[in-house]
Every structure is written in C-alpha cells, then in structure tokens.
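Please walk through this structure one part at a time. Keep the sequence and the 3D view side by side.

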Amino acid sequence: MRRPRSPGLRAGITVSFTLGATVLATLAAIGTHAVTREYLLTQREDTAVRQAFVDASSVRDGLRTSGVSVTDVLGAVAPPSGSELLVRRDGRWYSGSLQVGGDDVPAALGDAVASGTAGVTWTRVDGQAALAVGVPLPGVGAEFYEVAVTTELERTLVAVRNALAAFALSTAVGGALLGVWASRRAVAPLHAVARTAASIAGGELGIRLPPTSDPDLATIVGSFNSMVDALEEQIQREVRFSADVSHELRSPLTTLVTSVALLQRRRDELPPRSQQALDLVARELDRFQQTLDDLLELARLESGAAGRPRVRTGATSLARQALDASGRPDVPVRADGPGALVDVDTQQLARALVNLFDNADRHGEGLVEVGVQCTGDRVRFLVDDAGPGVPPGERQRVFERFARAGSRGSLPGSGLGLSLVAETVRAHGGTVRCAASPLGGARFVVELPVAPAPAGAAGTAAPAARVSGERA
C-alpha cells in the first residue's frame with residue numbers, strides 16, 4: 001500500500017496562512033457580531049423603555065379624566081411607527097389597533113406588571129421579533145403595555161452578520177494569497193540552491209550562490225559556496241594528478257614501444273616462446289598506450305582545455321563519416337526525416353561515436369545499425385548492437401571509468417571508452433544513455449541540441465572532419 005504523499009513546503013505554508021487567517025477572521029467576526037448585537041439590543045431596549053414610560057404617562061393622565069373611555073385615551077396617544085399600545089383594566093384588555101391583543105403579551109411580563117413592577121421582554125408577533133414593555137399604573141387601577149416590532153433592528157443585525165461573513169471570507173482569501181506569496185519568497189532561496197547545485201552537477205564548477213544581505217541566509221550561502229570551492233579544488237587536483245601521471249608515463253612508454261618495435265623487426269630470429277612473449281608485450285603495450293591516450297583526453301575534457309572551434313555539420317553526414325573512418329562502411333545509417341544540423345567539435349564527437357562502434361563490436365557481438373533521429377530541438381544518434389544487452393541495473397554504471405558490465409565483458413579494453421563518450425557528449429550540452437534495443441541487443445543513445453537556424457537563412461551542413469578510429 002502506497003503511503004500518501006506529504007504536502008510540499010509551499011503547500012504547507014499556503015495552507016497554514018489560509019487556516020490561520022480563516023480562524024482569526026472567524027473569531028473576529030463572531031466577537032464583533034456578538035458585541036454589536038448586544039449593543040444594538042441594549043440600545044433598542046433602552047429606547048423602548050423610555051418611549052413606553054412617556055406613553056404610559058400620557059395614558060395615565062388621560063384615564064384620570066372622568067368620563068373618558070380607555071379606547072379614547074389610547075386613540076389620543078400617538079406611538080412610534082411599528083409600536084402598538086395595550087391597557088388592561090378591571091381584567092379587560094383594551095388595544096389601540098386590531099393587530100395586537102392581550103394574547104401577544106407574554107404571561108411572565110403580565111404577572112410582573114400585575115405585581116407592580118415594570119418590565120421588558122422579547123417576544124414574537126405574527127412571526128416577527130418584538131419588544132414588549134409593561135408599566136403598572138396603580139393610580140388609575142390599570143396596566144400599560146407597549147409592543148414594538150423590531151423589524152429594522154433584525155434587518156440591521158442580518159446586514160452586520162453578512163458583512164462580517166464577507167469580511168471573514170475575504171480575509172481567508174487574502175490569507176491564502178499572502179500564503180502563496182510568502183511560500184514563494186520562503187522557497188526562492190531553496191530554488192536558487194537547487195538550480196546552482198544542478199548546474200554544478202552538470203559540470204559548471206565555477207558557478208556560486210550570489211551574496212545576500214539576509215542574515216538568516218548568509219550562513220547557508222557562505223557554507224554552500226565554501227563547499228563548492230573545496231569540491232572544485234579537489235576535482236582540479238584529481239584532474240591535474242591524472243594528467244601529470246599520464247604525461248610522466250608517456251616517455252617511458254614511448255621508449256618501451258620503440259624497443260618492442262625493434263624487437264619485432266627481428267622476431268623471426270627469436271625462439272617460439274620468445275615470440276609469444278613479444279606478441280603479448282606488444283599487445284599489452286598497445287592497450288597501455290590507448291589507456292594513456294584516453295586518460296589524457298578525459299583530463300583535457302574535464303579541465304575545459306580540450307575545446308576546439310565548433311563546426312556546423314549534418315548529423316547523418318557525421319555518423320557516416322565516423323563509420324567510414326573506423327572501417328565500417330557497410331553498416332547502414334537509418335535517418336528519420338531531413339538531416340539535422342549540430343554545432344560540434346567534429347573530431348571529438350566522431351571519436352565518441354567510434355568508441356561506441358568499437359564497444360558494440362568488442363562487447364555487443366557486433367554493430368548492427370546506426371540511427372539518426374530529430375525530435376524538436378534535439379537530435380539523437382542510436383547505436384544498436386547484436387549482443388545480449390545490458391542489464392537495467394548496470395546501464396548507468398557502464399559509463400563509469402574502468403567499469404564493465406558482467407554480461408558484456410568478452411574482450412579486453414581500456415575501460416575508459418564509454419566514460420570518454422559521456423564526458424564528450426556532456427561538453428557538447430548533450431546526454432548519453434544505454435537502453436534496450438528493439439533489434440534485440442543494447443542501444444546507446446547520444447542526444448545533442450540541434451543547431452539554431454541562422455536568422456533569415458536556412459542552415460547548411462558543413463563537411464564533417466575526417467577522424468581516426470579509437471577503441472572503447
């Protein structure tokens with residue numbers, strides 16, 4: 001069962017900002033709504049109580065006049081809009097309108113007023129919120145009630161609630177946007193480190209992280225650049241050591257080769273066992289010389305001192321030239337589509353292709369076919385052999401120095417051919433990999449960038465340089 005992927009750093013920062021903003025905005029909205037509601041309700045109750053006492057005083061004065069009915073007194077009082085007046089006297093209810101009656105007065109409020117205490121309470125009239133105020137009138141033996149419908153107050157509270165909800169939502173969205181911005185800003189230094197590390201891994205050892213004034217990043221930038229400096233110095237020491245050793249071995253090797261050549265001129269004068277020994281020494285010296293040549297070429301490639309002027313040439317033409325120069329004119333070249341142009345050091349790249357051809361003959365039971373494909377802005381050279389193929393676990397290791405796949409180690413070689421191919425292709429901005437061939441053996445794929453077309457003119461292929469075969 002696959003474990004669920006944990007969210008990335010950017011997603012985590014964005015979600016944290018969003019949740020934090022949502023929680024804070026919601027709490028602020030709830031608190032604001034509660035305070036606002038309490039304030040508006042208190043203000044409305046105070047206003048209703050003051051108005052009820054004023055109207056009750058008018059009703060009391062009217063009832064003190066002899067011969068005036070309760071209904072006439074209620075009709076003479078003008079309550080605020082939305083308010084209705086009620087009077088209970090001698091057990092009977094009198095109303096200023098037909099919309100409100102004694103049944104609309106809460107029993108608890110009626111009991112409190114009957115006991116001589118003024119009171120106020122919330123109720124509902126015809127489904128609408130209303131505020132009922134009761135005032136005892138002991139001087140005239142009556143009870144006064146004023147019922148005010150609070151529709152406007154309810155609308156105000158709904159508007160406040162909607163505004164606060166919109167505020168909370170907009171704050172959450174703002175928190176999400178702020179989280180996106182903050183995550184990009186927080187991850188930007190990591191992206192810079194990743195890009196720089198990728199460039200260094202690709203061979204650009206001179207690149208460094210730019211200085212920063214951020215005290216939190218200054219330590220990381222300094223440590224990273226110091227690490228790269230140490231790495232570059234170590235690599236340069238290894239490259240210089242390899243080059244120095246190779247140069248120092250050239251003189252004694254040349255002497256040995258010359259001496260063996262002199263002995264081979266008198267080979268027929270030697271006994272059979274001495275001839276066999278001479279042939280063995282000559283073969284191993286030849287292999288030794290090839291290894292030194294490959295080591296020197298690798299050292300030049302890694303130090304950047306092997307660069308020669310690039311020539312624009314056709315990829316198909318270069319493949320055929322490499323086959324002809326290595327003595328394989330009969331091997332077919334399969335080209336898909338029109339020939340692509342590449343800007344290369346033809347001598348270096350042709351040597352790399354010849355190394356692949358030799359590798360196919362030596363370890364892959366023979367070169368079968370060479371293909372050239374152009375896809376978009378990349379061109380591929382496909383080298384197929386007839387061998388058993390390379391196991392998937394060893395397809396990357398075969399490009400290491402002195403590495404040989406166990407199933408393909410049939411004949412001796414320098415062990416540097418494929419690593420030399422990898423370094424040459426990398427120096428040209430390309431890649432090389434090993435895969436399974438549809439023809440049954442192994443396929444080595446060299447991928448290079450297509451040469452950019454000249455402005456206002458179609459590029460033409462320059463003739464490929466003549467090259468000599470190099471053994472893998």
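Helix α1 (residues 9–63) packs against helix α4 (residues 151–201) at an angle of about 160°, and their axes are 7 Å apart. Angles over 145 degrees count as roughly antiparallel. α1 and α4 are therefore roughly antiparallel to each other. Their crossing is right-handed. Keep in mind that this is a predicted model.

Now turn to the sheet. Strands of a sheet pair through backbone hydrogen bonds, in either a parallel or an antiparallel sense. Here 5 strands form an open sheet, and the pairing is mixed. The order is β7-β9-β10-β12-β11. Which strands stand at the edges? They are β7 and β11 (431–436). Each has a single partner strand, so one side of each is left without a neighbour in the sheet. On average, neighbouring strands of this sheet are turned by 20° against each other, direction ignored.

Strand β10 (residues 378–385) pairs with strand β12 (residues 442–449) in the antiparallel sense, over 7 bridges. Arg378 has Pro449 as its bridge partner in β12.

α7 lies across β7, β9 (367–375) and β10. Its direction is at about 165° to β9.

Next comes the loop between α7 (315–325) and β7 (333–335), where Arg328 lies. Is Arg328 buried or exposed? Its relative accessible area is 11%. Buried means under 20%, so Arg328 is buried. Which residues does Arg328 touch, not counting those up to four places away in sequence? They are Leu323, Phe357, Asp358, Asp361 and Leu367. Two of these names, Asp358 and Asp361, are aspartates.

Aromatic rings come next. A pair of aromatic rings is described by the distance of the centres and the angle of the planes. The structure holds 2 aromatic pairs. Trp93 and Tyr145 form one that is tilted, at 5.3 Å centre to centre with 45° between the planes. Trp93 lies in strand β2 (residues 92–95) and Tyr145 in strand β5 (residues 142–149), so this pair ties together parts that are 52 residues apart in sequence. Trp93 counts as partly exposed, at 33% relative accessibility. Tyr145 counts as buried, at 1%.

Phe399 and Phe444 also form a pair. Their ring centres are 6.0 Å apart and their planes stand at 80°, so the pair is edge-to-face. What does this pair tie together? Phe399 lies in the loop between β10 and α9 (417–427), and Phe444 lies in strand β12, so the link joins parts that are 45 residues apart in sequence. Phe399 counts as buried, at 9% relative accessibility. Phe444 counts as buried too, at 2%.

Stay with the loop between β10 and α9, where Val398 is found. Val398 counts as buried, at 6% relative accessibility. How far apart are Val398 and Cys434 in sequence and in space? They are 36 residues apart in sequence and 8.5 Å apart in space, C-alpha to C-alpha.

Terms used
Residues numbered from 1 in each chain as written. Predicted model: local features only at pLDDT ≥ 70, side-chain atom pairs only at ≥ 80, totals over all residues. Heavy atoms only, no water. Helix = DSSP H or I, 4+ residues; strand = E, 2+ residues; numbered from the N terminus. Buried < 20%, exposed > 50% of the residue type's maximum accessible area, 1.4 Å probe, protein only. Contact = heavy atoms within 4.5 Å. Pairing = 2+ DSSP bridges. Axes fitted to C-alpha atoms, helices over the stretch in contact; angles between N-to-C directions. Phe/Tyr/Trp six-rings, centres within 6.5 Å; stacked < 30°, edge-to-face > 60°. Parallel < 35°, antiparallel > 145°, perpendicular 65-115°, else oblique. Left-handed = near helix turned anticlockwise from the far one by under 90°.
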